[in-house]
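User: I would like to learn how to read a protein structure step by step. Could we go through one together, taking one feature at a time?

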Amino acid sequence: MSRSLRVLGIDPGLTRCGVGVVDVSSNRTASLVHVGVVRSSTADPIEKRLATIAAGIRAVLHDHDPSVVAVERVFAQNNRHSVMGTAQASGIALLLAAEHGIPAATHTPSEVKAAITGYGSADKLQVQTMVARVLRLQTLPEPADAADALAIALCHAWRGGPAPASLDSALTPAQRAWRDAEKRRSPQARVARTHVRTGA
């Protein structure tokens, strides 16, 4: 029997850094190992906040011994301060992976959403719901940072091949119909709908 792949997913952030560890078997089914959020206080100086994030990630690496680390790739946002904190936390995660001799990879938010839900413009609730279904959890993983970390880990484990059959079977007929409709929707229409929802 082949050993399952253990992946540590990290949703980088300076105030809240989501961490999630999953085991994914050769038939591409997955089980939850650990999920949590590493927090740092906004009242602390930046060097202490980064040290806090590093200590939290280091503890997860030590306790769960993942085979690979997957980190959400930093992308441009309007809030430069938020991007800076995310980039710093991402750098810490990648550095720790290298120090522990563990391979690391990054995935964009749209790649993660597409892997978990079947489309790249899913909202956070859809991601949480699918993560819970795939991992057979009784409740949605919270906060969203924790769910995102699990989604990143699953995305990495499944990348390079089709999503497991259990992903589609976890959806209700209504959810499958909604997902298929989203896939057919033009990119312009999806962007317009996002602007309406967010008030942009």
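**Reading the model**

Analyst: Let us begin with one residue: this is a predicted model, and in it D148 is buried, with a relative accessible area of 12%. The cut-off matters here, because a residue counts as buried when its relative accessible area is under 20%.

User: Which residue forms a salt bridge with D148, and where do the two lie?

Analyst: The side chains of D148 and K124 meet in a salt bridge, at 2.9 Å from N to O. D148 belongs to helix α5 and K124 to helix α4, so the pair ties together parts that are 24 residues apart in sequence. K124, for its part, is partly exposed, with a relative accessible area of 48%.

User: How many salt bridges does the structure hold?

Analyst: There are 4 salt bridges in the structure. One of them joins D23 and R6, whose closest N and O atoms are 2.7 Å apart. This pair links distant parts of the chain, since D23 sits in strand β2 and R6 in strand β1, 17 residues apart. D23 is buried at 14% relative accessible area, whereas R6 counts as partly exposed at 21%. Another joins the side chains of E111 and R159, at 3.3 Å from N to O; here E111 is in helix α3 and R159 is in the loop between α5 and α6, 48 residues apart.

User: Now the strands: in what order do they form the sheet?

Analyst: As a general idea, strands of a sheet pair through backbone hydrogen bonds, and they do this either parallel or antiparallel. In this model 5 strands form an open sheet in the order β3-β2-β1-β4-β5, and the pairing is mixed. The edge strands, each pairing on one side only, are β3 (30–39) and β5 (104–107). From one strand to the next, the twist averages 20 degrees.

User: In which sense do β1 and β4 pair, and what packs on the sheet?

Analyst: β1 and β4 pair in the parallel sense over 4 bridges, and in β4 the bridge partner of V7 is V68. Helix α1 (residues 46–64) packs on the sheet, where it touches β1, β2, β3 and β4, and its direction makes about 155 degrees with that of β3.

User: Is L8 buried or exposed, and which residues is it in contact with?

Analyst: L8, which has its place in strand β1 (residues 5–11), counts as buried because its relative accessibility is 0%. Leaving aside its neighbours within four places in sequence, L8 is in contact with residues including V19, V21, V60, L61, V68 and A153.

User: What is in the largest nonpolar core?

Analyst: The general idea is that, in soluble globular proteins, nonpolar side chains tend to be buried together. Here the largest nonpolar core has 24 residues, and those with the most contacts inside it are V22, I116 and L154. The elements that give two or more residues to this core are β2, β4, α3, α4 and α5, and α5 gives the most, with 8 residues. Apart from this core lies another, of 20 residues, among them C17, L50, V60 and V71.

User: Which residues does V22 touch?

Analyst: Not counting residues up to four places away in sequence, V22 touches L5, R6, V7, S31, V33, L135, L150, A153 and L154.

Key
Residues numbered from 1 in each chain as written. Predicted model: local features only at pLDDT ≥ 70, side-chain atom pairs only at ≥ 80, totals over all residues. Heavy atoms only, no water. Buried < 20%, exposed > 50% of the residue type's maximum accessible area, 1.4 Å probe, protein only. Contact = heavy atoms within 4.5 Å. Core = buried A, V, L, I, M, F, W, Y, C linked by side-chain atoms within 4.5 Å. Pairing = 2+ DSSP bridges. Axes fitted to C-alpha atoms, helices over the stretch in contact; angles between N-to-C directions.
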